[in-house]
Amino acid sequence: MMSRDSLQETILVVCDALDNVDILSQALKNTYEIVQAAVNSETVERVCSKQPVNLILLDILVPDEDSLQLCRSLKERSQTSWIPIIILSASHREKDIVSSFSVGVADYIRKPYKLSIVKERIKSQLELLRARNAAELASKIKGEFLANMSHEIRTPLNAIIGMNRLALESGKREEQAYYGRIVQESAEGLLGLLNDILDFSKIEAGQLELDNHNFDMGRVMEAVINSLELKAREKGIALSHIVAPELKLDCRGDSLRLRQILFNLVQNAIKFTSEGSVTLKAEPHGAGSAQGDKSSFHFTVTDTGRGIPLDKQKKIFTAFSQVDTSNSRLFGGTGLGLSIARQLVELMEGEIWLDSSPGSGTVFHLILSFPGAVKTGADKPLAAKDDKFSIAPQSEESKAPVGSLLLVEDDKFNRILAQTLIQRIGYAVTVAENGLRALEILSRQRFDIIIMDVQMPELDGLNASRLIRQCEQGSAAENIEGGALLPEGITESLKGTHTPIIALTAHAMKGDREACLAAGMNDYLTKPILPERLEEILTKLQMEKAEGQAT
Amino acid sequence: MKTLEWYSTLETGSTNVDAEHKIFFNLINKLIHAITSGRDNDYLARLILEIQKYAEFHFISEENLMIDLGCPDIDAHRKLHLRLLEKFNITLNSLELDKESYENFAQFLIDWFQSHTINEDKKIGAFLQEEDSSTTLECS
């Protein structure tokens, strides 16, 4: 990348003697574009305004008032102030060198010089310049991103706060339900935004790992379409999906990430289409050729939107970019979606590109390979009802509880929420506000499952879990770190048992999961709690327990 | 190429300047000898560096003497010194690494040394002789 750039870099050689120009020009002409000028402010400024100049070599006998004035005027003008100037002079006098740097030159090379050293010093100045430009660009983009993000976060928050207030003030149940739905939708949008930011930073840090498992491709595509159907309908856009019948739909791979890619592409298509249709299609890659691989998928997302100009097509996959900033006001969004999609595709070793021209819509192409599902006993399908789960109140409250559960959570509102959700699934819930309280309860009572917040005062979730596991093995010390005593009778109560513990945490970073598992916890739920995921985990634990009893 | 003999026209009238000029003269001869006896390029480069460093030293020394004597044209003379260094730079940097161009370089040194000494440095000697106090400034 560097060598390609350096060929395009231009060096302006400003000289008071022709012989010197020749030496420098001859030595540098193979690496850089060379232009020459006399020591004269007007000439130099004219050259700099006519073409981009990346560096100025000022070759003079001695840095006299004329040449210093030239440097000053270059540094004063914003168009040229960033151009590094290197003085080459025969003067070895301290005063000359100091006054050169004081007018802002980047380097001072004394004559006689070695051309090899001059070349290296030019190279290092140009590298500094490139790094500086990159940093300035990044800072500018981040500034824009932050402004944009602030807007993106405020918008749903405004709806959440405003609608919630209306709901509280309203006495009518239908009105409250209406406001509640808007609050729900805005909050989910906000969560999606935060997840995008988190995913993006994980990918940037190289911390995102794929989690491969068996899945049904048809269901993944359906789920994407289902979750965006409402949005499409609101805009009056026809949303459909087509799966080529010859495709083998039993796949192995990271279905959640695939779903995220497809979701981003389809959501993006809906966003930039004002009328017409959006179609998600899957075909075998290389269809038509004899050896069309049945596990290699060619997805297309076709829209009838405004199209993307050619020069913006590459940029669209980079972070924080939309076709233009005025559009970002019109369409909203962080510009992270497609960047995340591209990076996930790269992680899956696939390809992504697009065909488009302004006015005639856009087709995003995606090629991904998923080997056929591997049949193993461990890959039992989980509770297969993720799209029909509903958090509507269940009327059969009189039913006997499916089990007993200890919920340990310090935040009052999160405790109430989790308690309500868990009760709806059918568990009898006991609550504790920190790890210490939980241990006290556990010394008297046993539970089928414990759900434990990680960050809590007095005794946090990780330490509490460790102590519980130690007690179960009969090996706990009497003192808890920090001086508190273990509740009396807890070892007796827990010894020989094993209660599954699910971590509950707002930390969604890599390493959290590992820390929880290392502390003896069995699984991991991130906040905000998704009812689907909660039920999935509880069902899985129940099944494991049933299996454990059966064998 | 042959080494050179010192000749009286090169004498400026200043004992110190002449003493330094003779060292410089010997350095050029040393270079010529090294070229004709076929020493390798690395060694020649070191000799050239020695000459360059000695020239820089000598220029400062000569300029200091001019300051002490109160010579009026010191700035112009200093610029000539810088120009010689510049010329040195140009010649050195356009050097092909063969015997002939080293000989050309040595010849260039001889030429500018003789012309600068006879045309410029002799003015210092002349100035010195005009000043009665000169003997106290020069150490012998």
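Contact here means heavy atoms within 4.5 Å. The model is a predicted one.

## Interface of chains A and B

By that criterion, 17 residues of chain A are in contact with twelve residues of chain B. About 1400 Å² is buried between chain A and chain B, and carbon and sulfur atoms give 58% of that area. On the side of chain A, A:Ile23, A:Leu61 and A:Pro112 supply 41% of the area buried against chain B, which is more than any other three residues supply.

## Polar features and contributing elements

Two salt bridges are found across the interface of chain A and chain B, and one of them joins B:Arg78 to A:Asp96, whose closest N and O atoms are 3.5 Å apart. Between the two chains, the count of residue pairs in polar contact is four.

Helix H2 (18-28) and strand S3 (55-60) of chain A are the elements that give two or more residues to the side of chain A that touches chain B, with H2(A) giving the most, namely three residues. Sorted by class, that side of chain A has eight nonpolar, three polar and six charged residues.

## Nonpolar cores

In soluble globular proteins, nonpolar side chains tend to be buried together. The largest nonpolar core has 51 residues, and among these A:Leu258 and A:Phe299 touch the most other members. Leaving aside neighbours within four places in sequence, A:Phe299 is in contact with residues including A:Met217, A:Met221, A:Leu258, A:Leu262, A:Phe364 and A:Leu368.

A second, separate core of 33 residues includes A:Ala90 from chain A together with B:Leu10, B:Leu84 and B:Leu109 from chain B.

Key:
Residues are numbered from 1 along each chain as its sequence is written. Chains are lettered from A and ligands numbered from 1 in the order in which they are written. This is a predicted model: local features need pLDDT of at least 70, side-chain atom pairs count only at pLDDT 80 or more; totals for chains, interfaces and linings use all residues. Side-chain values use heavy atoms; hydrogens and water are left out. Buried area is the accessible area (1.4 Å probe) that two parts lose on being put together, summed over both. A salt bridge is a side-chain nitrogen of Lys or Arg within 4 Å of a carboxyl oxygen of Asp or Glu. A polar contact is a pair of N or O atoms within 3.5 Å; within protein, one must be able to donate a hydrogen and the other to accept it, and residues adjacent in sequence count only if both atoms are side-chain atoms. Helices (H or I, at least four residues) and strands (E, at least two) are DSSP runs, numbered from the N terminus. Ala, Val, Leu, Ile, Met, Phe, Trp, Tyr, Cys and Pro count as nonpolar, Asp, Glu, Lys and Arg as charged, and the others, Gly among them, as polar. A nonpolar core is a set of buried Ala, Val, Leu, Ile, Met, Phe, Trp, Tyr and Cys residues joined through side-chain atoms within 4.5 Å. Buried means under 20% relative accessible area, exposed over 50%, partly exposed in between (1.4 Å probe, protein chains only).
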